[in-house]
Amino acid sequence: MTDRPSRGLLLRLAGPLQSWGTHSKYMRRDTARFPTRSGIVGMLAAALGRARQASVDDLTDLSMTVRVDRPGVVLSDFHTVGGGRPPDETVITVDGKHRPEGKGTLISKRQYLADAAFTLALTSDDHALLHTCAAALRNPHWPLSLGRRSCPPEGPLLLGYAEDPLHHLVQLPLAAKKPRSGPQPIDFYSDRPLGTLPVKSDVPDKDDGDHHSGEVTDEPVSFAPLARQYRPRPLYRRAVHLPDAAYEGFSTHHLKTLQNYIDTHFDTAERTAP
């Protein structure tokens, strides 16, 4: 199905660090270069107060499109786990036993995105679900994070509830400075074709976004600690040139411009509807 729902939520994902794992396993924790569906669905589940064993089928029905305002840079952290604990509290081995004394410290390599910023549209035909998620994001049951608990979001996370969310995804001010080297394409990623993305530009796109660029295994089936499951889904990418006026830089100037856009274009009743 390629038709897009007409309503959705706009989110801003920014912070000093983010981490969106795709192939994380054991002592190696990677990050994708953009938010994953599993990470966003997990954030919504945390906001709603759902247990890890609870179903997320309704949340996986949400369509997700990401705009990369700032790609950030990948940082690798040298991290240790389990050190300094008594023998009965060391890291568990694969056979269910504790690691012996003197061998309890493990080295973990973890990746993060530093100084990245994304704008995200969550769309659905289930308007009640959208309002429920919006209310939960404003007053989350558990603290929210950008992929990992050590990565809290900064600034406003929920921007608003809107008609034609993809229009606003294109029009919302970019959290980036205008490139000195001339026009640079802005990447959009989605689980649906991006050919109808409402972009107006005099510079041709790198691709049409109607053909998926591959698959990514980030569609959550279950978050149960001992039975986590994910399935693949198609990934669509489109790189487009946005006008110079879209670049609003960093810090308070961008936040003020963003708030002005929200006040002008998003209906207050819609943003606060139950």
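**Close-up views**

**View 1. Gly8 stands opposite Thr123 in strand β7.** Strands here are DSSP runs of E with at least two residues, helices are runs of H or I with at least four residues, and both are numbered from the N terminus. The model is predicted, and local features need a pLDDT of at least 70, side-chain atom pairs count only at pLDDT 80 or more, and totals for chains, interfaces and linings use all residues. Residues are numbered from 1 along each chain as its sequence is written, and side-chain values use heavy atoms, with hydrogens and water left out. Strand β1 (residues 7-14) runs antiparallel to β7 and pairs with it over 8 bridges, where pairing requires that DSSP finds at least two bridges between two strands. Strand β4 (residues 63-70) is likewise paired with β7 in the antiparallel sense, over 7 bridges, and Thr65 has Ala121 of β7 as its bridge partner.

**View 2. Strand β7 (residues 117-124) is largely enclosed by the rest of the structure, because 8 of its 8 residues are buried.** A residue is called buried under 20% relative accessible area, exposed over 50%, and partly exposed in between, using a 1.4 Å probe and protein chains only. Ala117, Thr119, Ala121 and Thr123 point one way from β7, whereas Phe118, Leu120, Leu122 and Ser124 point the other way, and all are buried.

**View 3. Ala14 lies in strand β1 and is buried, with a relative accessible area of 1%.** Leaving aside residues up to four places away in sequence, Ala14 touches Ala116, Ala117, Leu146, Pro153 and Glu154, a contact being heavy atoms within 4.5 Å. The C-alpha atoms of Ala14 and Cys151 are separated by 9.7 Å, although these residues are 137 residues apart along the chain. Cys151 counts as buried at 1% relative accessibility, and Cys133 counts as buried at 2%. The structure holds 0 disulfides, judged by a pair of cysteine sulfur atoms within 2.5 Å.

**View 4. Helix α1 (residues 37-48) is mostly covered, with 10 of its 12 residues buried.** The buried residues of α1 are Arg37, Ser38, Gly39, Ile40, Val41, Met43, Leu44, Ala45, Ala46 and Ala47. From its first C-alpha to its last, α1 reaches 16 Å, close to the 16 Å expected at 1.5 Å a residue, where the expected span is 1.5 Å times one less than the number of residues in the helix. Just after α1, Gly49 takes a positive phi of about 80 degrees.

**View 5. In helix α5 (residues 251-265), His254, Thr257, Leu258, Tyr261 and Ile262 are buried.** Seen down the axis of α5, its buried residues fall within an arc of 140 degrees, so they line one face of the helix; the arc is that of the directions from the helix axis to the C-beta atoms. The face of α5 turned away from this buried side carries the exposed residues Thr252, Lys256 and Thr264. The 15 residues of α5 should span 21 Å at 1.5 Å a residue, and its end C-alpha atoms are 22 Å apart, which agrees.

**View 6. The protein chain as a whole has 6 helices and 11 strands.** Of its 274 residues, 46% are buried, and its accessible surface comes to about 14,400 Å², of which 52% belongs to carbon and sulfur atoms. Accessible areas come from the Shrake-Rupley method with a 1.4 Å probe, and for residues only the protein chains shown count as cover. Among the contacts with a separation of 6 or more, residues 24 or more positions apart account for 78%.
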